[in-house]
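This report considers the assembly shown below, first by its secondary structure and then by the contact between its chains.

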Protein chains: 2
Amino acid sequence: MALSTAFTDLLGVPHPIVLAPMGGSAGGALAAAVSRGGGLGLVGAGTGDPGWLDRELTIVASNTDQPWGVGFLTWGVTLDAVERALAYRPRAVLFSFGDPSPFLAPVRRSGATVIVQVTTIDEARLAVGIGADVIVAQGTEAGGHGARHGRSTLPFVPAVVDLAGPVPVLAAGGIADGRGVAAALALGAAGALIGTRFQATVESLVDPRAAQAIVDGRGEDTVRNGVLDIVRGSAWPSRYTSRTLGHPHLDRWRGREDELPGNTEARQSYEDDKAAGVIPALPIWAGEAVDLVTDRPSAAELVARIAHDAESVLHRLVQPR
Amino acid sequence: MALSTAFTDLLGVPHPIVLAPMGGSAGGALAAAVSRGGGLGLVGAGTGDPGWLDRELTIVASNTDQPWGVGFLTWGVTLDAVERALAYRPRAVLFSFGDPSPFLAPVRRSGATVIVQVTTIDEARLAVGIGADVIVAQGTEAGGHGARHGRSTLPFVPAVVDLAGPVPVLAAGGIADGRGVAAALALGAAGALIGTRFQATVESLVDPRAAQAIVDGRGEDTVRNGVLDIVRGSAWPSRYTSRTLGHPHLDRWRGREDELPGNTEARQSYEDDKAAGVIPALPIWAGEAVDLVTDRPSAAELVARIAHDAESVLHRLVQPR
């Protein structure tokens, strides 16, 4: 019994489960563990810092012989960084948040699968147009960055599936267990991309206190906001916001985000609090599915558990009661 | 082959599909058609206008011999209205948006099933505490009214299921076809409550132009807003907002909602535009799943179609490929 889909066929992985390439937390060890567990591990390379890339891609390549991949932030990555990553022979390259057209040629030459993450129907149309091999439809309940005015996963995924035709679609946002993966497949997706859940694993690069906050956190404590990007001086374009757990500087600027750009005092106050240890070094990115995260297992075990639960859920539903 | 669940067992209906009791559009004819189709039709009685109640409940009771029910807005209904409805012998009574405790005794005496719709985990906990027979977990992608700061359906439903224990949970928000119902069941729900989709049916009480706008509308055109309640002088408490299609008065006040309360000019301008026929008589309430609404069938046929598609989706997923 296994949930094979157009995605598992295309990538040659046993389970339709993909690690979201979360910058900073999806390092080589986590990606390798997800791939060893039968999913597809994607290293979160962000804009592609060369030192980080070399270190983490060496780790992933030497810790699994299963397919793995790497994900970039399209708005900030360079062709150099993409080519640097391709030297490590990833099976797939995911581009999020922006038009990836300038980076596709070398990826295609390498034979890697092109995965494009989208947050709107227009972006999905663009992804189909440029010939994405796989499309990720990300809902606004996702942790970390996403569209400022996003869609919810449940109605967004089937709309993208209808548009994408034969191109396999992965559902992202709000999925943390076997029920969510089963629901994604029911919606017509060929798999699920999972982020927040994998932060609370032993292989994740997040600070153990952040992992514990995710285990303890509640969905209603998560807030999609642009505030924390501004006060920490992040390079993220303002059309993207991020869903995080609560934060003192979020409370301070709630409803007044438009007063923030260029506010040097707000920026300094954040740096001061960080230096004093009053706030964590980074916001804690978490999606609404944080309610469903209650432990911190190894990622390979977690993939197997999620896949098993998804299969059980679906088989139970079609059995006579 | 049929998708029987704890909900279909409890209510004695063939399909785990429930008509959302949309005030004004879910009248007796639509509720009766949904029940004849094998779902549970709920008449949308709002705050319980006696003349409307008598008319629509007479229609539903005389147009189906299958179980049907009625839904009220908890913040505005009276005990008189609830008792008036109970005289028509509904099989179920749904309460949305507020603490229904004051209204439960007569419903229980009548033998009707108590359904409570919730939008937050705290409300779900309250619903379990007061002994709701069925809980509806409504996500923010739903059309019409809901929590101002709501949750998305995909991660919210399993969190409510985990909390509700043996109490059957229905998923609401973002569901418009068989894939959505199948996903709801995969999430652990015992069925789905569907609104927007049923507005585009021949039995719906909405203006045909509104039904056409729903057929034509796109999910990204829907906006959760408090603006249209304020400018039309609605009695809805401000802690609830509604998701509607675009509207000229929404554009006018975007980002300036806090200037609206008590603004008599805004209110007069809306009334003037309504009188002149420049804007429709009512906002067009629509959820994000409007993307999936492409025709205007009869509601009984639609229930059968959705149920069939949900079953097919689930069976296909567990078949070897």
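Which helix of chain A lies across β5 and β6, and at what angle does this helix run to β5(A)? In this predicted model, helix α6 of chain A, residues 121–129, lies across the two strands and runs at about 165° to β5(A).

**The parallel sheet**

Strands β5 and β6 belong to an open sheet of eight strands in chain A, ordered β1-β9-β8-β6-β5-β4-β3-β2. The pairing in this sheet is parallel. At its edges stand β1 (17–19) and β2 (41–44) of chain A; each has a single partner strand, so one side of each is left without a neighbour in the sheet. On average, neighbouring strands are turned by 25° against each other, direction ignored. As a general point, strands of a sheet pair through backbone hydrogen bonds, either parallel or antiparallel.

**The antiparallel sheet**

A further open sheet of chain A has three strands in the order β7-β11-β10, and here the pairing is antiparallel. Its edge strands are β7 (144–147) and β10 (223–225) of chain A, each with a single partner strand, so one side of each lacks a neighbour in the sheet. Neighbouring strands of this sheet are turned by 35° against each other on average, direction ignored.

| Strand pair (chain A) | Direction | Bridges | Example of facing residues |
|---|---|---|---|
| β5 (residues 113–118) and β6 (residues 134–138) | parallel | four | Q117(A) and V136(A) |
| β7 (144–147) and β11 (residues 240–244) | antiparallel | four | G146(A) and T241(A) |

**Relation of the two chains**

**The interface**

The contact draws 40 residues from chain B and 40 residues from chain A. Of the interface residues of chain B, 100% are also interface residues in chain A, so the copies meet through the same surface. The size of an interface is often given as the accessible area lost when the parts come together. Here chain B and chain A bury about 3,200 Å² between them, with 58% of it on carbon and sulfur atoms. On the side of chain B, the residues that lose the most area to chain A are L154(B), R179(B) and R321(B), together accounting for 20% of what that side buries.

One of the salt bridges joins E220(A) to R151(B), whose closest N and O atoms are 3.8 Å apart.

Several helices of chain B each supply at least two residues of the side that touches chain A: α1 (6–11), α6 (121–129), α7 (153–164), α8 (178–186) and α14 (299–318). Helix α7(B) gives the most to that side, with seven residues.

Notes. Residues are numbered from 1 along each chain as its sequence is written. Chains are lettered from A and ligands numbered from 1 in the order in which they are written. This is a predicted model: local features need pLDDT of at least 70, side-chain atom pairs count only at pLDDT 80 or more; totals for chains, interfaces and linings use all residues. Side-chain values use heavy atoms; hydrogens and water are left out. Two strands pair if DSSP finds at least two bridges between them. Axes are lines fitted to C-alpha atoms, for helices over the stretch in contact, and angles run from 0 to 180 degrees between N-to-C directions. Contact means heavy atoms within 4.5 Å. Buried area is the accessible area (1.4 Å probe) that two parts lose on being put together, summed over both. A salt bridge is a side-chain nitrogen of Lys or Arg within 4 Å of a carboxyl oxygen of Asp or Glu.
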